[in-house]
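Here is a short report on one protein model. Look at the picture and the sequence, then read on.

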Amino acid sequence: LKEVACFDVDWSYKNAVIENGVVTPHLEEMQYPVTEILLDTSGSIEETLLKSFLRECKDILQSSMIKVGCFDVMFYGFKQIREEKDIDEMIYKGGGGTNFSVAVNAFSRRVTNKIIFTDGDAEMPETPMDAIWIVFGSEEIRPMGGRVIRISPEQMNELLAR
């Protein structure tokens, strides 16, 4: 899988020059951040929940390129999400058990933001990972590195109702 860099343009006048009485900005390309989201698609997680979660992430598109991948005991590759339509058309592969080592090893090395969405029903990997683990359900997880955000049953109901 080849990492494609995205760029944005800095339109500020901080490096502007004056030529013939006209202020001309010096445009600089700035690398656009990338967010990779890995979805636990094991048999215990419904597709409706995965779509609802991704719809909640759509605001990230304003400030970052989003790539979404599915994993259970295998990693099924990343798909770039450009708009909400891509979420509706996404195919969620998986349905087996859960192996977090597969997820941790799937992330690109230099990606800006890493998010894992899971019910937490598996052994934690021994590899440290600076990722955000978004966990719903009753499992208590303690990954090596990163931050865990728990979704309560009430929050889950709200998420599914949207």
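## Ground rules

Contact means heavy atoms within 4.5 Å. Helices (H or I, at least four residues) and strands (E, at least two) are DSSP runs, numbered from the N terminus.

This is a predicted model, in which local features need pLDDT of at least 70, side-chain atom pairs count only at pLDDT 80 or more, and totals for chains, interfaces and linings use all residues. Residues are numbered from 1 along each chain as its sequence is written, and side-chain values use heavy atoms, with hydrogens and water left out.

## The sheet

Six strands make up an open sheet. Their order is β7-β6-β5-β8-β9-β10, and the pairing is mixed. Two strands pair if DSSP finds at least two bridges between them. Strands of a sheet pair through backbone hydrogen bonds, either parallel or antiparallel.

From one strand to the next, the twist averages 20°. Axes behind such angles are lines fitted to C-alpha atoms, for helices over the stretch in contact, and angles run from 0 to 180 degrees between N-to-C directions.

## Strand β8 and its partners

β8 covers residues 113–118. Five of its six residues are buried, where buried means under 20% relative accessible area, exposed over 50%, and partly exposed in between (1.4 Å probe, protein chains only).

β8 runs parallel to β5, and five bridges join the two. Ile 37 stands opposite Ile 115 in β8. β8 also runs parallel to β9 (residues 132–136), through four bridges. Here Ile 116 has Trp 133 as its bridge partner, and Thr 118 stands opposite Val 135.

## Trp 133

Trp 133 sits in strand β9. Is Trp 133 buried or exposed? Trp 133 is buried, with a relative accessible area of 1%. Trp 133 and Ile 115 are 18 residues apart in sequence, and their C-alpha atoms are 6.0 Å apart in space.

## Helix α1

Helix α1 (residues 47–56) packs on the sheet. α1 touches β5 (34–40), β6 (65–71), β8 and β9, and its direction makes about 160° with that of β5. Buried residues in α1 include Leu 49, Leu 50 and Phe 53. Their cover includes β5, β6, α2 (84–89), β8, β9 and α4.

α1 packs against helix α4 (residues 153–161) at about 85°, with the axes 9 Å apart. The two helices are therefore roughly perpendicular to each other (65 to 115 degrees; under 35 is roughly parallel, over 145 roughly antiparallel and the rest oblique). Thr 48, Leu 49, Ser 52, Phe 53 and Glu 56 in α1 meet Met 156, Leu 159 and Leu 160 in α4.

## Ser 42

Ser 42 lies in the loop between β5 and α1. Ser 42 counts as buried, at 3% relative accessibility. Leaving aside neighbours within four places in sequence, Ser 42 is in contact with residues including Phe 71, Asp 72 and Gly 96.
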